[in-house]
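The sequence and structure come first.

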Amino acid sequence: MKKILIVIATILSVLFITSACSNSNQSSGEQGGDSSEGNEATTPSDENRERVREFLEHEFNGPSEKSEEIYREGTTEELRNYIEETYKPYFNEKGYEDITQLQKASMYISEASRSGYELNATDINIDKDEENNAYAFEVDVEYSKNGETNATTVKGRINLDEDGKFSFLRYSDRGGLLESM
């Protein structure tokens with residue numbers, strides 16, 4: 001039974017990331033015009049911060065129709081493909097291996113889908129750690145079900161490698177989002 005749930009969670013994660021990546025490409029293009037006015041050069045730090053923001057927006061908004069379908073009715077292969085398409089573009093090999101083996105890939109969206117909740121990131125704060133090429137984050141998340149909405153904050157840290165790929169992801173869910181759903 002555990003293997004089936006893991007496979008389903010993996011498939012749903014892949015679907016969520018795929019849909020998230022396609023949405024983020026569209027929104028990045030829209031935002032790019034606004035942010036580049038008067039400032040043609042963006043720094044790698046700005047790009048990395050935006051990648052972290054994009055990832056967190058996908059991680060704490062949803063589930064999308066596609067991810068919902070995969071988590072509820074998808075095959076193991078569909079879930080695996082969904083997680084790979086969604087998460088692999090963000091992570092280096094070791095980081096991707098860690099999030100899939102430790103089941104961090106879309107754990108919030110998969111739980112929301114399983115429990116019938118809808119997640120909405122209402123505020124995302126990201127702070128750069130210059131010494132360690134890492135970003136600390138706080139995401140204020142509303143979670144709703146049957147017309148009742150609650151809120152909490154999820155904190156964490158994302159380390160990046162020299163190429164700007166995520167090498168490490170850690171959540172500190174002291175607000176109990178996973179347990180509350």
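## Helices 3 and 4

The crossing of helix 3 and helix 4 is left-handed, a term for a near helix turned anticlockwise from the far one by less than a right angle, clockwise being right-handed. Lys 66, Ser 67, Ile 70, Tyr 71 and Glu 73 of helix 3 make the contact with Glu 78, Leu 79, Tyr 82 and Glu 85 of helix 4; contact means heavy atoms within 4.5 Å. The axes of helix 3 and helix 4 (residues 76-87) come within 9 Å and cross at roughly 145°. Axes are lines fitted to C-alpha atoms, for helices over the stretch in contact, with angles from 0 to 180 degrees between N-to-C directions. Helices (H or I, at least four residues) and strands (E, at least two) are DSSP runs, numbered from the N terminus.

This is a predicted model, in which local features need pLDDT of at least 70 and side-chain atom pairs count only at pLDDT 80 or more, while totals for chains, interfaces and linings use all residues. Residues are numbered from 1 along each chain as its sequence is written, and side-chain values use heavy atoms, without hydrogens and water.

## Two sides of helix 3

In helix 3 (residues 65-73), Ser 67, Ile 70 and Tyr 71 are buried (under 20% relative accessible area; exposed is over 50%, partly exposed in between; 1.4 Å probe, protein chains only). These three lie on the same side of helix 3 because they cover an arc of only 95° around the axis, the arc being that of the directions from the helix axis to the C-beta atoms. Glu 65, Glu 69 and Glu 73 are exposed on the other side of helix 3.

Four strands form an open sheet in the order 1-2-3-4, with antiparallel pairing; two strands pair if DSSP finds at least two bridges between them. Strand 1 (118-129) and strand 4 (166-172) are the edge strands, each pairing on one side only. On average, neighbouring strands are turned by 20° against each other, direction ignored.

Strand 3 (residues 148-160) pairs with strand 4 over six bridges in the antiparallel sense, and Ile 158 stands opposite Leu 169 in strand 4. Helix 2 (residues 44-59) lies across strand 1, strand 2 (134-145), strand 3 and strand 4, and runs at about 155° to strand 1.

## Asp 173

Asp 173 is in the loop between strand 4 and helix 7 (177-180). Asp 173 is buried, with a relative accessible area of 19%. A polar atom of its side chain lies 3.1 Å from the backbone nitrogen of Leu 178. Apart from neighbours within four places in sequence, Asp 173 is in contact with Tyr 108, Val 154, Leu 178 and Glu 179.

How values were computed:
Polar contact = N/O pair within 3.5 Å; in protein donor to acceptor, adjacent residues only side chain to side chain.
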